[in-house]
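The following account is intended for a reader meeting this structure for the first time.

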Amino acid sequence: MDSSSIESNSIEWNTEDELDVDNISSSSSHQDQIADFAPSSSSCNCRGSNTIHQFLQMGFSKEMVIKAVKENGQNEGAVLDALLAYKTFEESPEDEHVLDDPCHAELASNVLDVYPDKEICENEEFKNLSTEKDRTVSLLVEMGYQAEEALAAIDRCSLDTPIAELVEFISAAQFAYHTDAQLGELSYDNKIHQHQKLNGPVYMSKKKRKFYDNEMRKLQKQRKYLEKQPMDHDNEIVHLPNPMVGFGVPNQPSPVLFQRRIPDEAEGRPYFYFENVALAPKGVWHTMSRFLYYIDPEFVDSKFFCAAARKRGYIHNLPIENRSQLLPTPPSTIHEALPHTKQYWPSWDKRMQLNCILTCIGSAKLTDRIKKAVEKSGDEPLPGVKKYVIQQCKKWNLIWVGKNKVAPLEPHEMEMLMGFPPNHTRGGGISRTEQYTVLGNAFQVDTVAYHLSVLKRMFPDGISVLSLFSGIGGAEVALHRLGIPLRNVVSVEISETCRKILQSWWDETNQQGKLIHFHDIRMVTAHELEKCMSTFGGFDLIIGGSPCNNLAGGNRSTRNGLEGSKSCLFFEYYRIIELVRSMMRHR
C-alpha cells in the first residue's frame, strides 16, 4: 500500500484509572456517596452501603469503589481484587502519545485481539464493560449496521466476540431473513413475530389468515424459478469466512468451494491481483468486486502462513489449483519465530501468535508501566493486572524480553515475520519510524507467494509485472523467492522511502531485468504504458493494493470507504487494469 498516505495522528491516552479523583475525607461525605449509589431496596441498600463504606474506609476513592462494585456486584473478594488492580495502575506513569495506524482493523478481527478488527486503534484503555460495549456498538454502526442489530449480536454472541464474528453474525441474520422472506421460508408464526416487533401486537381474522397463507404458498412456488436464476450481484452480501482460509491454505481442511466465476473478459493474461484490508466498511468489497469483473474476493489470514495474523482480501483472476508454499516454511508460533522470548514468557500469557504487524509501536512509558505493575504484584499477578497486561500485549504486539519486561518488536523481527530478507528496510537514510511504517503497510510475502506460485509453471522464462502501489516490493520479493525471473517491472509508488528500499533490494539481488519507476498512479497515462509495452511486449501480471486509510477500522475521522481521498485510488487501479487489458487485446 501507499505508505506515504499514512496519517500520523497523535492520540493521548486518558483513562479512567489515570484521572485525578478527590480523596474522601469525612464520614458525612461517605454517607452522601453511599446514598447516591445504594439500591432502592432497604435490604440491598444496607448491604450495598456496608460494602461501599468498608472500602471507602480502606482509602479507595468513591469512583474506584463504585466502578468495582458495578463490575463485580456484592462479591467483596472480587471487588477488592479489582480495587487493588486499579490502584496498581493509578500509581504508574501515564503513557506517552502514540501514532495512530489506519490498519488497526486487523487487531479487532483476530481471534487473539482484545478489541473485538474492527482491524481498531483507539489509544485508550478499557474503562468498564459499559464503555467497551458502547465502543463495539459504535464501531458496528460506523460500519453501516443498525444499533439494534449490533446490540442483538453482542447479546447473542457475548461482548468478548471478535468484531469479525459479530459482523458475520449480523450479515448472516440479514441474509437469512431477506432470503427467507423472498423465498417464502418464514412460517406464519415467524411472520407474526416480525410484525409484532415492528408494529406491536396484531390479531388476524380467519379470512386474513387464509389470505396470508395463500400469499405464502405463492412465494413458495417461486422457489424453483428463483433458484434457477443467476445471483443478483447488486443484492449479494460479501461474507467473511471463519476461519479465514480463502480458497484453501496449507495444512488446513479445504473449504467447501462454490463454483468460482471468472467472466470471459477477465480470463488470462494479463493476470491481476488486488489486495486490501478484509474488514472494510459495509459494501466496499462488493463495490470493488463489481469493478473487478464481479470476481469473488478471497479472504485470507496470514496466521496460517506465519506467526502473525494479517486479515486481507484478494481479488484476482489467477488459477487456484496446484498452489505451493515458499520453502523453507516460516515459523508459525511466537516461540519458534522469537526463541529468545521463551525463557521470560510467563505461564499466564497464553499467546501463541502475534496480531497484525502495525505501522506504530507501544510506547516506552507503556512498557515501563507494565513492568512496575507486574513487579508490584509479586509471583502471581492479580487477575485485574493480568487482564490489563494481556490486553496491552495483544494490542501492541509486545513480547517478553526479560523478567517482567515487555518490549515492542524490533524492525528486523517484523521483517522476518512479514517474509522479507534481513535488513530489507535498514540503512540508506531510512529511520526506524519509517521502517515501522512501511513494514506495517507491506504484503505478507509468504501469503502472497502462495497465491502467485501458480505463475511459476506459466512463466518459466520470466515475467513482466506492472506493480501498482508497490510499497517496499512485497510482490517482487515473493516472485523472486518463488524462482520466477523478473524480466521487467514497472513500479508505481509515491513514497520515496519505499522506492529507495525496492531499488536497493533490486541491486543487491542482482536482478537481470529492468526496473522502471513511476511516482504517482494518477499520472500514469496510456501513452506511457504503451511505451513500456512496446518495449517488452505487454504485461503478464498487474499487482497491487490501494491505500487502506479510509477503509480500516482505526481511522475514526475519515473512514468513509472508497469515497475517501486515499482509498478512492482503488479506481485508479481499476482504470489501469482496464486500460492495459484493452491495449493488449488490440496489439
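The model is a predicted one. Its protein chain contains 22 helices and eleven strands. Of the 587 residues in the chain, 53% count as buried. The accessible surface of the protein chain amounts to about 26900 Å², and carbon and sulfur atoms account for 50% of that surface.

Which residues of α21 are buried? They are Leu529, Cys532, Met533 and Phe536. When α21 is viewed down its axis, these buried residues fall within an arc of 95°, and they therefore line one face of the helix. On the face of α21 turned away from the buried side are the exposed residues His527, Lys531 and Thr535. The cover over the buried residues of α21 includes three strands, β8 (463–468), β9 (486–492) and β10 (514–518), together with helix α22 (570–585).

The chain then leaves this helix. Just after α21 comes Gly537, whose phi is positive, at about 80°. Gly537 belongs to the loop between α21 and β11 (541–544).

Attention may now turn to a pair of helices. Two packed helices are described by the angle between their axes and the distance between the axes. Helix α16 covers residues 411–418 and helix α17 covers residues 432–440; their axes come within 10 Å and cross at roughly 15°. Because angles under 35 degrees count as roughly parallel, α16 and α17 are described as roughly parallel to each other. The crossing in which α16 passes α17 is left-handed. On the side of α16, the contact is made by Pro411, Met414, Glu415 and Met418, and on the side of α17 by Arg432, Gln435, Tyr436 and Leu439.

The remaining features concern the backbone. Most residues other than glycine have a negative phi, and most peptide bonds are trans. Where does the chain contain a cis peptide bond with omega of about -5°? This bond joins Arg269 and Pro270, and Pro270 lies in the loop between α11 (223–228) and β3 (271–277). Another cis peptide bond runs from Leu327 to Pro328, with omega near 0°. Pro328 is placed in the loop between β5 (311–316) and α13 (334–337).

Positive phi values also occur in residues other than glycine. In Asn251, phi is near 60°. Asn251 is found in the loop between α11 and β3, and with a relative accessibility of 73% it counts as exposed. In Asn404, phi is positive and near 65°. The loop between β6 (399–402) and β7 (405–407) holds Asn404.

Definitions and conventions
Residues numbered from 1 in each chain as written. Predicted model: local features only at pLDDT ≥ 70, side-chain atom pairs only at ≥ 80, totals over all residues. Heavy atoms only, no water. Buried < 20%, exposed > 50% of the residue type's maximum accessible area, 1.4 Å probe, protein only. Helix = DSSP H or I, 4+ residues; strand = E, 2+ residues; numbered from the N terminus. Arc of directions from axis to C-beta. Contact = heavy atoms within 4.5 Å. Areas by Shrake-Rupley, 256 points an atom, 1.4 Å probe, with all protein chains shown as cover. Axes fitted to C-alpha atoms, helices over the stretch in contact; angles between N-to-C directions. Parallel < 35°, antiparallel > 145°, perpendicular 65-115°, else oblique. Left-handed = near helix turned anticlockwise from the far one by under 90°.
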